[in-house]
Amino acid sequence: SWNESKAAYVWTGSEWKSLLNLKPKNTELPSLSLQDDVYYYAAQETISVSNGVWENSPTSFKYQWQKSPYSSSGYNWSNILDKTSNTLFLDEDEWNSIKTLKYVGYVVRCKVTATNSSGDNETDVYTLPSPIVAPQKLSEISDNFTH
């Protein structure tokens, strides 16, 4: 007669791994980066996120960007609505209507979720926070004054 298995493990040479829960597991955090020739996080720049390194062969990834006002005592993260791709453009288009800055003075991070046929990873995985987002970089102003 057959008995239904409650657990199944395989020895990897260094640890026992469950055969029944093969959801993706993060082994190297995703990271943030800027496009070429950009050296600091500022308004009107685009940030990209890497997927990091995962076990159990994820087949797709989901993203959720978050922001927090900068604080030396800790962060108060909130989701940035509708920002769910692997890039984030630091536009400041709310300034004209609400007179508040969306990103300048904040730090941002991205939650990366890996999925395979067993489901989503169980523990939330975030990038490290970005540096504080600075105001838009200034372009050169030519001196057209005559003396």
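Predicted model: local features only at pLDDT ≥ 70, side-chain atom pairs only at ≥ 80, totals over all residues.
The greatest contribution comes from S2, which supplies three residues. Sorted by class, the lining of the largest pocket comprises five nonpolar, six polar and five charged residues.

On the surface, a nonpolar patch is formed by Tyr 9, Trp 11 and Trp 16, whose accessible area together is about 420 Å². Trp 11 belongs to strand S1, which covers residues 9-11. The relative accessibility of Trp 11 is 46%, and this residue therefore counts as partly exposed.

Side chains of opposite charge can pair when their charged atoms come close. Four salt bridges were found in a search of the whole structure. One of them joins the side chains of Glu 122 and Lys 23, with an N to O distance of 3.4 Å. This pair links distant parts of the chain, since Glu 122 lies in the segment after strand S11 (119-120) and Lys 23 in the loop between S2 and S3, 99 residues apart. Glu 122 counts as exposed because its relative accessibility is 57%, whereas Lys 23, at 26%, counts as partly exposed.

Asp 91 is located in the loop between strand S9 (87-89) and helix H1 (95-98), while Lys 102 is located in the loop between H1 and strand S10 (106-116); the two residues are eleven residues apart, and the pair links distant parts of the chain. Both Asp 91 and Lys 102 are buried, a term that denotes under 20% relative accessible area.

Lys 111 and Asp 124 also form a salt bridge, in which the closest N and O atoms are 3.5 Å apart. Lys 111 is in strand S10 and Asp 124 is in the segment after S11, so the pair ties together parts that are 13 residues apart in sequence. Lys 111 is partly exposed, because its relative accessible area is 23%. Asp 124 is likewise partly exposed, with a relative accessible area of 44%.

Methods. Residues numbered from 1 in each chain as written. Heavy atoms only, no water. Helix = DSSP H or I, 4+ residues; strand = E, 2+ residues; numbered from the N terminus. Nonpolar A, V, L, I, M, F, W, Y, C, P; charged D, E, K, R; others polar. Patch = residues over 30% accessible without salt bridge, like charges linked within 9 Å, V, L, I, M, F, W, Y side chains within 5 Å. Areas by Shrake-Rupley, 256 points an atom, 1.4 Å probe, with all protein chains shown as cover. Buried < 20%, exposed > 50% of the residue type's maximum accessible area, 1.4 Å probe, protein only.
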